Amino acid sequence: MRHGRKSKRFNGYKRHIAADLDTSMILACAVTPANRPEEEAAPMLRDDIARQHRRREIGSLHIDRGYVGSSLVQDVLSRRGEVLCNPWVARNGTLFTKTDLSINMRDRTIRCPAGQVEHFETGSVVEFEPEACARCPLRARCTMASPATGRTISIAEDEQLQHRLGKLTASPTGRDRLRERVAIEPRLAHVGRKQGRRARYLGVRKNLFDLRRAAAVVNLEVFDRRAALAA
Ligand code: SF4
């Protein structure tokens with residue numbers, strides 16, 4: 001089963017849907033307060049899908065990167081499933097970004113453009129040798145840290161996944177795979193048109209009911225179009 005996941009903000013709440021990219025059907029809905037991170041919706045969507053006792057597990061999970069920290073991602077990866085989303089983009093002004101450094105996930109080492117190598121643990125901050133950085137000819141392009149400090153780089157808990165996603169974006173085939181998720185956009189747009197830009201109710205529970213109503217209508221319309229084509 002291939003899943004796409006998408007959220008949109010509407011008047012104080014965010015709506016989230018999960019759809020099967022093979023059938024275009026919306027399988028699950030969630031509503032969260034707009035100030036909560038997307039990843040909090042993922043377990044609700046997963047529980048919604050679990051209640052349907054579907055025969056197939058999620059094989060490929062296509063998500064916005066806002067969901068990448070969710071437990072659902074870990075579930076799919078632990079079952080050797082595939083997670084597809086755009087990686088976080090490293091920014092550092094005009095200085096070298098993280099992508100200018102070479103990360104070796106197998107050896108757990110990171111090499112800077114001047115060739116200095118450090119070991120790392122995921123979920124930590126690596127500091128390059130301050131003395132080597134102090135005499136480095138590339139320093140002006142690398143760090144604005146004080147002279148007594150070396151360049152630092154944050155290594156995320158999910159660095160392995162981010163590393164793999166970064167490789168995907170570097171190849172045309174990988175970019176094609178990442179674009180498969182856009183198939184969920186029309187589903188979300190249709191739901192948005194049914195619900196409008198303003199939440200109809202106060203409170204998550206009632207708005208979730210309204211979102212499920214809109215999603216059911218959108219699914220029925222998909223059935224209807226298919227039946228008309230088959231007739
Ligand atoms: S300043 Fe330090 S981390 Fe940056 S390129 Fe030079 S040696 Fe490497």
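A residue is called buried if 20 or more other C-beta atoms lie within 10 Å of its own, exposed if 12 or fewer do, and partly exposed in between, with the C-beta atoms placed from the backbone. By that count Ser24 is partly exposed, because 17 C-beta neighbours fall inside 10 Å. Before going further, please keep in mind that this is a predicted model, in which local features need pLDDT of at least 70, side-chain atom pairs count only at pLDDT 80 or more, and totals for chains, interfaces and linings use all residues. Residue numbers start from 1 along each chain as its sequence is written.

**Two positive phi angles**

Ser24 sits in the loop between S2 and S3. What is the phi of Ser24? The angle is near 70 degrees, a positive value in a residue other than glycine. Arg108, in the loop between strand S6 (102-104) and strand S7 (109-111), has a phi near 55 degrees, again positive and in a residue other than glycine. Arg108 counts as partly exposed because 14 other C-beta atoms lie within 10 Å. For background, most residues other than glycine have a negative phi.

**Around the ligand**

The ligand is surrounded by 14 residues, and the closest are Cys112, Cys133, Cys136, Cys142 and Arg151. A residue belongs to this shell if its C-beta atom, placed from the backbone, lies within 6 Å of the molecule. Helix H3 (130-134) and helix H4 (139-142) each supply at least two residues of the shell. By class, the shell holds 9 nonpolar, 3 polar and 2 charged residues. Here Ala, Val, Leu, Ile, Met, Phe, Trp, Tyr, Cys and Pro count as nonpolar, Asp, Glu, Lys and Arg as charged, and the others, Gly among them, as polar.

**The largest nonpolar core**

A nonpolar core is a set of buried Ala, Val, Leu, Ile, Met, Phe, Trp, Tyr and Cys residues joined through C-beta atoms within 7 Å. The largest one has 34 residues, and Ile17, Cys29 and Ala215 have the most contacts inside it. Which elements give two or more residues to this core? They are strand S2 (13-20), strand S3 (26-33), helix H1 (42-50), helix H2 (71-78), strand S5 (82-84), helix H7 (185-195) and helix H8 (204-230). The largest share, 6 residues, comes from S3.

**Helices H5 and H6**

The axes of helix H5 (residues 159-169) and helix H6 (residues 172-179) come within 6 Å and cross at roughly 105 degrees. These axes are lines fitted to C-alpha atoms, for helices over the stretch in contact, and the angles run from 0 to 180 degrees between N-to-C directions. H5 and H6 are therefore roughly perpendicular to each other, a label given to angles of 65 to 115 degrees, while those under 35 count as roughly parallel, those over 145 as roughly antiparallel and the rest as oblique. Lys167, Leu168 and Thr169 of H5 meet Gly174, Arg175, Arg177 and Leu178 of H6. This contact of H5 with H6 has 2 nonpolar, 2 polar and 3 charged residues.

Leu165 also belongs to helix H5 and is buried, because 21 other C-beta atoms lie within 10 Å. Leaving aside neighbours within four places in sequence, Leu165 is in contact (C-beta atoms, placed from the backbone, within 7 Å) with Cys85, Asn86 and Pro87.

**Some distances to check**

Leu61, in strand S4 (residues 60-62), is buried because 26 C-beta neighbours lie inside 10 Å. Ala230, in helix H8, is exposed because 6 C-beta neighbours lie inside 10 Å.

| Pair | Apart in sequence | C-alpha to C-alpha |
|---|---|---|
| Leu61 and Val73 | 12 residues | 7.8 Å |
| Leu165 and Asp20 | 145 residues | 21 Å |
| Arg164 and Thr94 | 70 residues | 25 Å |
| Ala230 and Glu57 | 173 residues | 29 Å |

Note on methods. Helices (H or I, at least four residues) and strands (E, at least two) are DSSP runs, numbered from the N terminus. Two residues are in contact if their C-beta atoms, placed from the backbone, lie within 7 Å.
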